[in-house]
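Reader: Could you walk me through this one? I'd like to start with how the strands pair.

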Amino acid sequence: MKSNYLLCYDIRDARRLAKVYRFIRGRGLHLQYSVFFCRFTWNELTQVKEVRLMDFYTAVLRKSGDYWVALCLENGLVGQGNTRDTAIEKLKEAVESFDEISKSEQYIYNEPLHIKELHEFLSLETDMLIEEAYELKKVYA
């Protein structure tokens, strides 16, 4: 199943900029100088990452009781720790392990997080008032 992606980039290196542009131009609608609208399957998005156009994952962080939880939007993996940094480090370990296994195993489920799952993650476990904001971070793994 294909999903919609808005690819935006800001690259200073002229050689890398040309590489990214050549790779994306035939795969999406060119909206502005460095902005493309694309429809990708998860495998096609993985190919974009393998070409090193996207060398990061997107993580949403939230406090849950005494712990911080980091959720990866690209694959639904989770890291948990006493601090934000620990949660991100645990998420990095999970992503790296998952990437290694998914390269060698053929039938590994590897899809971006569904919006309903994100909503469930962001929902409070109790009726308490939200005191802290959620964070959205780039995680380089």
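Author: Strand β5 (residues 67–72) runs antiparallel to β6, and four bridges join them; strands pair if DSSP finds at least two bridges between them, and strands themselves are DSSP runs (E, at least two residues), numbered from the N terminus. This is a predicted model, in which local features need pLDDT of at least 70, side-chain atom pairs count only at pLDDT 80 or more, and totals for chains, interfaces and linings use all residues. Residues are numbered from 1 along each chain as its sequence is written, and side-chain values use heavy atoms, with hydrogens and water left out.

Reader: Which residue in β6 is the bridge partner of Ala70?

Author: That is Gly79. The two strands, β5 and β6, form a hairpin with five residues between them, and Gly76 in the turn has a positive phi of about 80 degrees.

Reader: Switching topic, is Leu6 buried or exposed?

Author: Leu6, which sits in strand β1 (residues 3–8), is exposed, with a relative accessible area of 54%.

Reader: What about the chain as a whole, how many of its residues count as buried?

Author: Of its 141 residues, 32% count as buried.

Note on methods
Buried < 20%, exposed > 50% of the residue type's maximum accessible area, 1.4 Å probe, protein only.
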